Amino acid sequence: MTIWGYRLPGMSSLLIWALLWEIVGRSGYSFFVPPLSDVVSTLIQVLPSPAFQKALYETGYAFLAGVFFAVVIGIPTGIFMGKNRLIDELLLPWVNIFLSAPLTALVPVLMVLFGFGMKSIIITTTLFAIWIIILNARAGVMQINRSLIDMANSFGASPWESFTKIYFWAALPEILGGVRIGIIRAVKGVIIGQLLISIVGFGALFELYSANFLMSHFWAVLIVLFAMAFTISEFLAYLERRVSYYAAKR
Amino acid sequence: MAMPQIKEAVAPAEPDIAVSTRNISKNYGDVEALKDLSLEFPRGQLTSLLGPSGCGKTTLLKIIAGLLEPTSGEVEVDGKAVTGPGEDRAFVFQDFALLPWASVLRNVAFGLELRGVAKSEREARAAKYINDVGLGGFENAFPHELSGGMRQRVGLARALSVDSQVLLMDEPFSAVDEQTRRKFQEDLLELVAVENKTFIFVTHSIEEAVYVSDQIAILLPRPSRVSEIIRPAGLRDKDVDNIRRDSEYLDIVDRIWASLRNYVE
């Protein structure tokens with residue numbers, strides 16, 4: 001964007017919002033909104049503290065494990081659904097139900113089934129992320145050009161070869177889009193899991209800070225979380241752009 | 001004046017048949033796409049399957065390729081019944097069927113890759129065929145950077161590099177522009193002369209079929225059957241530039257049009 005002939009760098013709008021935050025914070029309008037400068041200085045203090053490091057590790061572990069399962073289960077499932085009519089008919093209603101279901105309401109059931117530990121948190125994270133990954137991989141496979149498959153078959157491709165050399169790559173732009181959205185949902189899943197199942201990780205920090213009215217601590221952790229989610233999502237968007245040259249020409 | 005050469009009065013007694021289809025029928029539900037179709041394809045020659053759209057010529061080609069199963073009947077290549085795709089046949093696709101995420105080199109080598117040829121060997125062979133089809137220097141280009149004609153050259157190089165005896169071509173020039181198509185047709189004639197392969201060529205263009213073929217099988221639709229087989233006798237020895245004004249060429253084109261005219265809706 002340009003204003004009065006000056007080219008503004010990307011995300012300059014954030015500066016305006018940061019300024020607004022600072023003003024509202026300094027005006028003492030609400031106890032729950034401390035000035036941004038306080039939040040940032042708290043952030044710098046909190047980052048190296050052992051409590052934060054431990055929370056980061058716990059949340060990161062649950063998040064990465066949850067995303068890992070969502071990806072390695074979700075992508076092949078979606079590809080199989082796109083390839084095989086029968087599997088598709090069997091699974092599609094469930095995928096659609098879970099995609100739109102209020103998964104938070106399911107968390108107590110998971111706690112009964114899998115206990116109060118890390119396992120349930122990871123499963124919650126996976127459940128938040130996996131459905132959109134499945135649907136996108138399926139959509140990617142369904143728009144694949146028939147003659148690419150004929151071509152692979154005519155040269156004697158085994159099912160495994162057509163899976164790894166044709167289907168996966170042909171659906172890659174959609175798959176990456178699905179993983180990107182899935183990861184954003186997984187951030188939600190891991191925090192909800194850590195608030196509802198067992199109070200660990202960032203969930204525990206949120207709980208601790210809000211219960212003790214440490215609002216600048218609370219906001220600091222939220223900013224860290226947002227920055228992490230944003231970074232991962234931007235990285236995947238970058239990968240998507242890398243394959244976009246063929247997304248339109250398949 | 002030179003003595004007029006004595007024409008050898010030989011039709012070779014029993015032409016060597018590379019591919020034959022016997023009593024092929026193909027039904028899609030109640031629809032009969034092909035009915036009791038038998039055809040023979042002489043070795044080293046180019047046979048066109050020509051007919052109006054919907055006459056099942058691509059279906060027949062895919063059955064020969066082993067990509068579709070006939071409802072009844074069988075296909076033999078070199079006397080062996082076809083049960084699926086095989087190394088004796090290679091396919092050239094109407095829409096090129098290139099991997100958009102792979103370079104020209106990998107695309108051309110892809111047939112060899114699927115047949116389990118080691119990387120260095122298949123890339124060497126692919127590079128040779130890339131040169132042969134006139135794409136030298138484009139090894140590292142991607143399909144979306146090439147014109148339609150160049151893409152089909154990649155498809156052709158891929159089919160040639162696996163060195164199959166039978167080349168199946170499904171309207172290979174229909175997606176390229178007119179000038180490119182004419183050049184392709186000339187190149188194809190040369191290819192048929194140089195390579196001792198059997199070509200089966202699907203087209204809906206009468207002129208194209210007459211120009212490139214040793215034998216033209218005219219298919220009529222609903223259900224599809226062979227109505228006529230035409231073997232242009234004197235066109236092969238003509239210079240490529242003169243074929244199109246040869247009287248035999250013009251006669252055959254007219255004759256085919258006369259028999260197909262009623263089927264064009």
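How many bridges join strand β1 (residues 17–28) of chain B to β2(B)? There are 8, and the two strands run antiparallel. Strands here are DSSP runs of E at least two residues long, helices are runs of H or I at least four long, and both are numbered from the N terminus. Two strands pair if DSSP finds at least two bridges between them.

A word on the model comes next. The structure is predicted: local features need pLDDT of at least 70, side-chain atom pairs count only at pLDDT 80 or more, and totals for chains, interfaces and linings use all residues. Residues are numbered from 1 along each chain as its sequence is written, while chains are lettered from A and ligands numbered from 1 in the order in which they are written.

Start with chain B. Strands β1(B) and β2(B) belong to an open sheet of 4 strands, ordered β2-β1-β4-β5, with antiparallel pairing. Its edges are β2 (31–42) and β5 (80–81) of chain B, each of which pairs on one side only. Asn27(B) stands opposite Glu32(B) of β2(B). Helix α1 (residues 57–65) of chain B lies across β1, β2 and β4 (72–77) of that chain. The helix runs at about 120° to β1(B). Angles run from 0 to 180 degrees between N-to-C directions, and axes are lines fitted to C-alpha atoms, for helices over the stretch in contact. Two residues are in contact if their C-beta atoms, placed from the backbone, lie within 7 Å.

Chain B also has an open sheet of 6 strands, in the order β6-β7-β8-β3-β9-β10, and here the pairing is mixed. Strands β6 (89–92) and β10 (225–230) of chain B form the edges, each pairing on one side only. From one strand to the next, the twist averages 20°. Helix α7 (residues 247–260) of chain B packs on this sheet and touches β3 (46–50), β9 and β10 of chain B. Its direction makes about 165° with that of β10(B). Strand β9 (residues 215–220) of chain B pairs with β10(B) over 5 bridges, in the antiparallel sense. Leu220(B) has Arg225(B) of β10(B) as its bridge partner.

Now chain A. Its secondary structure comes to 11 helices and 2 strands. Its C-alpha trace spans about 70 × 60 × 30 Å along the principal axes. The mean pLDDT is 87, and 98% of the residues reach 70 or more; pLDDT is the predictor's confidence in each residue, from 0 to 100. Within chain A, confidence is lowest in strand β1 (residues 2–3), at a mean of 72, and highest in α6(A), at 93.

Helix α6 (residues 118–142) of chain A meets helix α9 (residues 172–196) of chain A, their axes coming within 7 Å and crossing at roughly 160°. The two helices are therefore roughly antiparallel (under 35 degrees counts as roughly parallel, over 145 as roughly antiparallel, 65 to 115 as roughly perpendicular, and the rest as oblique). The residues of this contact divide into 18 nonpolar, 11 polar and 3 charged. Ala, Val, Leu, Ile, Met, Phe, Trp, Tyr, Cys and Pro count as nonpolar, Asp, Glu, Lys and Arg as charged, and the others, Gly among them, as polar.

Helix α4 (residues 85–100) of chain A packs on α6(A) at about 135°, with the axes 9 Å apart. The pair is therefore oblique. From α4(A) come Val95(A), Phe98(A) and Leu99(A), and from α6(A) come Trp131(A), Ile132(A), Ile134(A) and Leu135(A). This contact has 7 nonpolar residues, no polar and no charged.

Finally, the chains meet. Chain B gives 14 residues to the contact and chain A gives 16. The chain B side divides into 10 nonpolar, 2 polar and 2 charged.
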